[in-house]
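The sequence and the structure come next.

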Amino acid sequence: MSLKPIATRDFAIIGCPVTMVGLGGEGILRTYGRAQQATAVIQAAIDQGITYFDCAHAYADSELYYGAIWKAFPEKRGSLFQASKSASRDKKGALADLENSLRRLQTDYLDLWQIHDVRTDSDLNRIAGPDGALEAFVAAKASGKVRHIGVTGHHDPRILTQAVIEWPVDSVMMPVNPAEAVLGGFLTSTLPAAQAKNMAVIGMKILGAAHYILPEWGITAEMLIRFAVTSGITVVIVGCSSDAEVGTLARIGRDFVPLSEDEKNHLTGRFKPHAKRLAFYRGVF
């Protein structure tokens, strides 16, 4: 029996459609030497109809796991959206990362290549300065080796917002969860800045550290994924470690129901006393 398609959204202003839920680069993918398990998770996502696939040069063997899939099933590559990232701050290092990523992924292009984990004013200056990584990203897009370029960050919303406003990027990846709704910054500054430029917005840290408190509150992963999708972003990515987790993610995208205002208020109210602790990825407040 064929599955109901997962809803799609356009990636950036001239981008291709991607499913509203994607496979994140965490979970089983951010490991070494777990090819059998990782391949099973990637294949499950493909079988479920997910089209957005995340990884990074820095995420252990994640690129190698995808590369094995694209080598074995090259006919699938063209219909799926492969993203990766480079944390190099200089042009030479970023270009070397790109060639390494393409080799490991066994593909000749990326659908999205992202400047990874921008945190500080120093990062902004190094990346955008002479011979900085931004030059590599712009050149890679012009050459056709990457179709879109983006920036990611989860440390400081001011820094990420500045990158969104000033850089010629097509997408931004940022945290989207109820703790962020409480704290402000990413959802109140970065998101509107990206939307004003018709950029794609990729939601990460969807679950945050909420597993520490969810059981006593009755809050499920489904509620948090629905919260993120309801926030008006392009795609939500979640790292998965099993076929069952992939199935849950796909089902939410397939049968998506937006959160009501009452549900959103309930979530943010629950998270409010713990928001700083749950937004651990921001570092020290």
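## Burial, packing and charge pairs

R77 counts as buried, because its relative accessibility is 6% and the cut-off for buried is under 20%. The model is a predicted one. The partner of R77 in a salt bridge is D111, with 2.9 Å between the closest N and O atoms. R77 belongs to helix α3 (residues 74-77) and D111 to the loop between α4 and β6, so the pair ties together parts that are 34 residues apart in sequence. D111 also counts as buried, at 3% relative accessibility. R77 and D111 are linked with R147 in a network of salt bridges.

In the whole structure, a search finds 16 salt bridges. Three of the pairs are set out here.

| Salt bridge | N to O distance |
|---|---|
| R77 and D111 | 2.9 Å |
| K141 and D170 | 3.0 Å |
| E222 and R251 | 3.6 Å |

Which parts does the pair of D170 and K141 tie together? D170 lies in the loop between α7 and β8 (171-175), and K141 lies in helix α6, so parts that are 29 residues apart in sequence are tied together. D170 is buried, with a relative accessible area of 15%, whereas K141 is partly exposed at 33%. The pair of E222 and R251 links helix α11 (residues 221-230) to helix α12 (residues 243-254). E222 has a relative accessible area of 30% and is partly exposed; R251, at 35%, is partly exposed as well.

Helix α6 (residues 133-143) has the buried residues A133, L134, A136, F137 and A140. These residues cover an arc of only 160° around the axis, which puts them on the same side of α6. An α-helix has 3.6 residues a turn, so residues three or four places apart point the same way. A142 and S143 are exposed, on the face of α6 turned away from its buried side. The cover over the buried residues of α6 includes β5 (81-86), α4 (91-105), β6 (112-115), α5 (121-128) and β7 (149-152). Just after α6, G144 has a positive phi of about 90°.

Helix α5 has D123, L124 and I127 buried. Down the axis of α5, the buried residues fall within an arc of 100°, so they line one face of the helix. They pack against β6, α6 and α7 (157-166).

Is strand β5 largely enclosed or open? Six of the six residues of β5 are buried, so β5 is largely enclosed by the rest of the structure. F81, A83 and K85 are buried on one side of β5, and Q82, S84 and S86 are buried on the other. Strand β4 (residues 52-54) runs parallel to β5 and is joined to it by three bridges; F53 has Q82 as its bridge partner. β5 also pairs with β6 in the parallel sense, over four bridges, and S86 stands opposite I115. From β5 the chain crosses through α4 to β6 in a right-handed β-α-β crossover.

The largest nonpolar core has 76 residues, and L23, V151 and W167 have the most contacts inside it. Helix α1 (residues 35-48) gives the most to this core, with six residues. Leaving aside neighbours within four places in sequence, the contacts of V151 include I115, L160, V164, W167 and M173. A second, separate core has 13 residues, among them F81, I202, M204 and I237.

Key:
Residues numbered from 1 in each chain as written. Predicted model: local features only at pLDDT ≥ 70, side-chain atom pairs only at ≥ 80, totals over all residues. Heavy atoms only, no water. Buried < 20%, exposed > 50% of the residue type's maximum accessible area, 1.4 Å probe, protein only. Helix = DSSP H or I, 4+ residues; strand = E, 2+ residues; numbered from the N terminus. Arc of directions from axis to C-beta. Contact = heavy atoms within 4.5 Å. Core = buried A, V, L, I, M, F, W, Y, C linked by side-chain atoms within 4.5 Å. Pairing = 2+ DSSP bridges. Right-handed = clockwise from strand over helix to strand, strands pointing away. Salt bridge = Lys/Arg side-chain N within 4 Å of Asp/Glu carboxyl O.
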